[in-house]
Amino acid sequence: MTIAQNDVNVITIESDNDDFTAGTAINLKVRAEVGGTLFGTGGRYRVRLTLTDITNPTLLDSQETVGNFGDANWPAAGDNLFSFSVPAAATAGRSGDLLQPQARLVGNAAAPFDNSFVVGDTLLLTP
């Protein structure tokens, strides 16, 4: 399916595995796309990744990349990949817990804003 010219869309959250050792960093990638017309405005975008412990409800980490379409982080219209690394300290002491990554994308320099949201696969922290 082709994205509409004035839309943004979070396609997926990617990880290397579905389980990670507690106390280690977790590398996640957010794949997102923008239509050609909206990209051409050079408008602002904000890609946010959060990781929540859903066993013991806690926000473990929140990071974002902010810029303007056409910058070094989003150099061309279409899909793009944003990399995030959740620090090891955020997962320490949480062996056996389930984690839920979420990504949000907001695009446009001024109202009306366009946004998209996706929940990634559940991750398990192991001993």
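This is a predicted model: local features need pLDDT of at least 70, side-chain atom pairs count only at pLDDT 80 or more; totals for chains, interfaces and linings use all residues.
Biologist: Start with Arg 46. Which residue does Arg 46 form a salt bridge with?

Modeller: Its partner is Glu 64, and the closest N and O atoms of the two are 2.6 Å apart. Arg 46 sits in strand β4, residues 44-53, while Glu 64 sits in strand β5, residues 58-68. The two are 18 residues apart, and the pair links distant parts of the chain.

Biologist: What other residue forms a salt bridge with Glu 64?

Modeller: Arg 48 does, with the closest N and O atoms 2.8 Å apart. Glu 64 lies in strand β5 and Arg 48 in strand β4, so this pair ties together parts that are 16 residues apart in sequence.

Biologist: Why do charged side chains pair up like that?

Modeller: Side chains of opposite charge can pair when their charged atoms come close.

Biologist: And why does Glu 64 count as partly exposed?

Modeller: Its relative accessible area is 34%, and partly exposed covers what falls between under 20% for buried and over 50% for exposed. Arg 46 counts as partly exposed because its relative accessibility is 28%. Arg 48 is also given 28%, so Arg 48 counts as partly exposed.

Biologist: Moving on. What does Asp 53 meet in a salt bridge?

Modeller: The side chain of Asp 53 meets that of Arg 94, at 2.8 Å from N to O. Arg 94 is in the loop between α2 (88-91) and β7 (98-107), and Asp 53 is in strand β4, so the pair ties together parts that are 41 residues apart in sequence.

Biologist: Is Asp 53 buried or exposed?

Modeller: Asp 53 counts as buried, because its relative accessibility is 0%.

Biologist: What about the rest of β4, how many of its residues are buried?

Modeller: Seven of its 10 residues are buried, and β4 is described as mostly covered.

Biologist: Which way do β4 and β5 pair, parallel or antiparallel?

Modeller: They pair in the antiparallel sense, over 10 bridges. The two strands form a hairpin with four residues between them. Within that pairing, the bridge partner of Asp 53 in β5 is Thr 58.

Biologist: How many bridges join β4 to β7?

Modeller: Nine bridges join them, and these two strands run antiparallel. In this pairing Val 47 stands opposite Leu 105 in β7.

Biologist: Different topic. Which residues make the nonpolar surface patch of about 210 Å²?

Modeller: That patch is made by Ile 54, Leu 98 and Leu 124. Leu 98 is found in strand β7. With 36% relative accessibility, Leu 98 counts as partly exposed.

Biologist: Last one. Which residues are linked in a network of salt bridges?

Modeller: Glu 14, Arg 31 and Asp 79 are linked in such a network.

Notes: Residues are numbered from 1 along each chain as its sequence is written. Side-chain values use heavy atoms; hydrogens and water are left out. A salt bridge is a side-chain nitrogen of Lys or Arg within 4 Å of a carboxyl oxygen of Asp or Glu. Buried means under 20% relative accessible area, exposed over 50%, partly exposed in between (1.4 Å probe, protein chains only). Patches are made of residues with over 30% relative accessible area and no salt bridge: like charges are joined within 9 Å, nonpolar side chains (Val, Leu, Ile, Met, Phe, Trp, Tyr) within 5 Å. Accessible areas come from the Shrake-Rupley method with a 1.4 Å probe; for residues, only the protein chains shown count as cover. Two strands pair if DSSP finds at least two bridges between them.
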